[in-house]
Amino acid sequence: MVTLVFCFSMSSKKERKPSKAQKAKQHEEEKERRVQEDEEAQLQAEREGQERLERERKELELERLELKHRERKQDELNELRHLLEENHYAVTKWRTDAVEKAKLVEELEGLLRDVTDPQEGQKYQEALINLLELIHSKYHLTTEEILKRASANIDTETGNMQTVVKDCNITLCLWANLKKNPRFKGLNFKEVSLGFELPKQLAVSDIAVRILHTHYDHLSLLARMGHLKIHTSSQRSLAGGDEVPADIDLPEQGETKEDGDVKDDSETQQQRVDEEVQSIQGLEGRKRAASLQSRKNSPQPAEGQGSQIRTQMEVFGAERDLKSPSVQLTMMDGNERAQLVDLREYTPLGGVFYYNVFRLPPQTHQVNGWEIRQVLDTGLQVFPYPTEKSNLDDNEALTCPPIGVSVMLPESVVFFETPRVACWDAAGKQWRMDSITDVSYEDEEAKISFKMGSFQAFVLVQETYANFPFQSWELRPLGQDSAVFTVNGALIDLSIMIQGDQCMLQSEQEKGLSHLLGKWMSGPSLQRAMLNAGINIFVNEYTDKYVSTCGKDPLTEHAAYEQMALFASACAFSWSQWNAKCGVEHLVMQVCEHHGPAPVSKDLWSLYLLGAQRSHKLEITEKSEVFSPDHYPGSEFHSTFIHMLRDNMSTDGIARARESNYLFVDTVQSLLCTTRPLMYS
């Protein structure tokens with residue numbers, strides 16, 4: 001059976017047809033839409049045409065600038081070379097004349113600072129050490145003479161002898177135990193804020209205690225001399241090829257390990273040396289690769305000019321790139337290494353404190369108006385403490401407790417944090433931290449107290465690079481041959497005034513620096529004084545091991561400092577955030593022409609990009625959102641930085657730069673090269 005179902009659908013409403021008015025309106029809207037689309041298409045075509053024309057214009061402008069840059073490249077390089085050679089010759093002659101006027105310790109320190117030959121350096125080091133040890137022997141004889149007459153200078157209150165001798169170089173504190181009071185605990189020399197504590201067996205012994213604080217430190221120099229040096233071959237490949245060390249001197253086993261502790265393992269030692277050398281070569285290789293990257297990508301000179309035209313970094317940096325570095329290595333196990341003071345990472349400050357105990361020399365006796373004293377030819381003898389363990393049983397060994405000492409932090413040093421204490425290891429000729437206990441520090445009094453197992457020389461040490469990296473920097477002219485270099489460090493802000501070849505430190509931090517602030521001195525003298533005061537803004541070959549850097553090509557960087565110094569009387573230079581964003585091959589800094597001592601207005605700075613092949617002014621500002629290497633419209637390309645700067649300088653500014661004294665230029669350049677603000681900020 002089939003069932004048919006019929007469905008009917010009916011619209012509830014009748015569909016309405018659009019009226020004539022509605023049709024006309026829709027037609028009009030469609031017409032307007034087509035007209036609008038045509039207009040937008042036309043505008044888009046015009047914009048694309050304008051953009052194409054702008055690109056073509058920029059390409060033509062870049063081609064014109066590149067052509068102009070290549071045409072004047074050799075002349076600009078020759079002019080820069082001539083300026084630098086003139087200054088170098090004048091400075092060298094001046095230094096030669098100045099060296100002849102130097103005397104004694106200052107002369108040796110100057111020779112040691114400037115020497116490049118390792119053998120010559122060793123000779124100057126040994127001469128300096130011998131001179132300082134001769135001076136130290138005089139203090140030893142003076143100590144003996146004072147102690148021989150201790151009984152004639154008894155303190156009526158304590159029954160013992162105590163005295164302080166002080167001058168600009170040393171502080172000598174002496175105590176002679178004449179009373180032998182078993183209740184004696186220790187003594188504080190209040191006038192110099194030095195004190196000591198003794199155990200009972202020393203309090204009843206025939207002894208004398210000496211604390212000799214020398215404001216200089218030749219023990220650290222001995223430690224540096226004792227470290228082994230590895231000299232790599234001076235024939236380095238400009239192409240960045242691998243090298244084999246010319247000579248590697250391994251330490252004798254007895255220099256770093258006590259007898260019987262570890263068996264001699266020459267293969268292990270050699271492996272460690274190889275690893276250190278490979279690490280060093282890898283670092284140097286990366287630096288050379290960065291230095292050469294811009295050269296590989298740059299166009300080569302025309303045929304026939306290849307032997308004459310070189311980039312400014314090649315011209316002024318090739319000799320520097322060929323110099324061989326020296327690296328210090330010490331062979332020891334991990335635990336031993338942890339207890340030694342790495343004099344690259346830490347710096348002893350405030351001089352050396354020699355803490356000694358001596359046998360009290362025979363004293364004079366009055367007999368029938370005669371003064372009688374036994375004369376010994378042994379000289380001043382050290383009192384053994386603690387007694388040699390081989391002569392003691394376990395119970396007796398426990399009766400030799402540690403001895404205490406307290407010192408006020410030297411007023412001539414800035415400590416950014418509680419200093420560490422290190423004792424001198426005479427056998428190993430190095431500073432160690434493993435025999436110091438019970439350290440306490442009183443912040444308000446700036447006083448540190450601790451105990452040691454035996455009488456030893458000790459120093460206070462601080463991290464060498466605590467003030468790195470820099471937060472910002474600025475070099476600003478104050479007038480002809482006058483400028484101020486400001487560094488905002490990680491922990492302290494400071495400025496160095498430069499006038500001719502003289503420098504003066506300025507800082508809001510007065511504690512520890514009162515002896516330096518406001519005093520004019522030569523650049524090297526100020527650098528030594530700042531380092532001795534714990535203020536380090538200076539770079540050496542080990543700095544990048546402990547401080548993060550921008551990783552710049554060192555030759556490009558050095559060339560920038562040379563040219564900044566030439567224009568330091570007329571232009572201000574400053575830190576830029578984009579220096580860390582522009583890559584290894586380039587540098588970015590803010591620059592503007594500036595006259596007079598007033599600060600530079602923020603809206604006057606312009607940004608410049610420096611490279612091995614050329615320099616140009618940047619279109620971006622310090623407030624831009626992203627970095628762009630596009631050049632400033634209307635500016636040109638130049639082979640050197642100074643020619644780039646001249647394009648935007650006044651006639652008076654160019655004259656100021658041209659008239660700069662060679663000593664001022666050299667002082668500014670040395671300051672920039674030793675602080676390297678473009679690398680460490």
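Figure 1. Although D438 is not a glycine, its phi is positive, at about 50°. Most residues other than glycine have a negative phi, and most peptide bonds are trans. With a relative accessibility of 55%, D438 counts as exposed; by the cut-offs used here, buried means under 20% relative accessible area, exposed over 50%, and partly exposed in between, with a 1.4 Å probe and protein chains only.

Residues are numbered from 1 along each chain as its sequence is written, and side-chain values use heavy atoms, with hydrogens and water left out. Because the model is predicted, local features need pLDDT of at least 70 and side-chain atom pairs count only at pLDDT 80 or more, while totals for chains, interfaces and linings use all residues.

**Figure 2. R676 in the segment after α16.** R676 lies in the segment that follows helix α16 (662–675), and its phi, near 50°, is positive even though the residue is not a glycine. R676 is buried, its relative accessible area being 18%.

Figure 3. The bond joining Y385 and P386 is cis, with omega at about -5°, and P386 sits in the loop between β10 (370–372) and α10 (394–397). From F468 to P469 the peptide bond is also cis, with omega near -10°, and P469 belongs to the loop that runs between β16 (457–463) and β17 (472–479).

**Figure 4. M589 in the largest nonpolar core.** A nonpolar core is a set of buried Ala, Val, Leu, Ile, Met, Phe, Trp, Tyr and Cys residues joined through side-chain atoms within 4.5 Å. The largest one has 60 residues, of which I496, M530, F567, F573, M589 and F641 touch the most other members. If neighbours within four places in sequence are left aside, M589 is in contact (heavy atoms within 4.5 Å) with residues including A560, M564, F573, Y608, F641 and L678. Another core, of 37 residues, lies apart from the largest one and has F196, F383, V421 and A446 among its members.

**Figure 5. The whole chain as a setting for the close-ups.** The protein chain contains 16 helices and 25 strands, and buried residues make up 43% of its 681 residues. Among contacts with a separation of 6 or more, 67% are between residues 24 or more positions apart.

Technical notes
Helix = DSSP H or I, 4+ residues; strand = E, 2+ residues; numbered from the N terminus.
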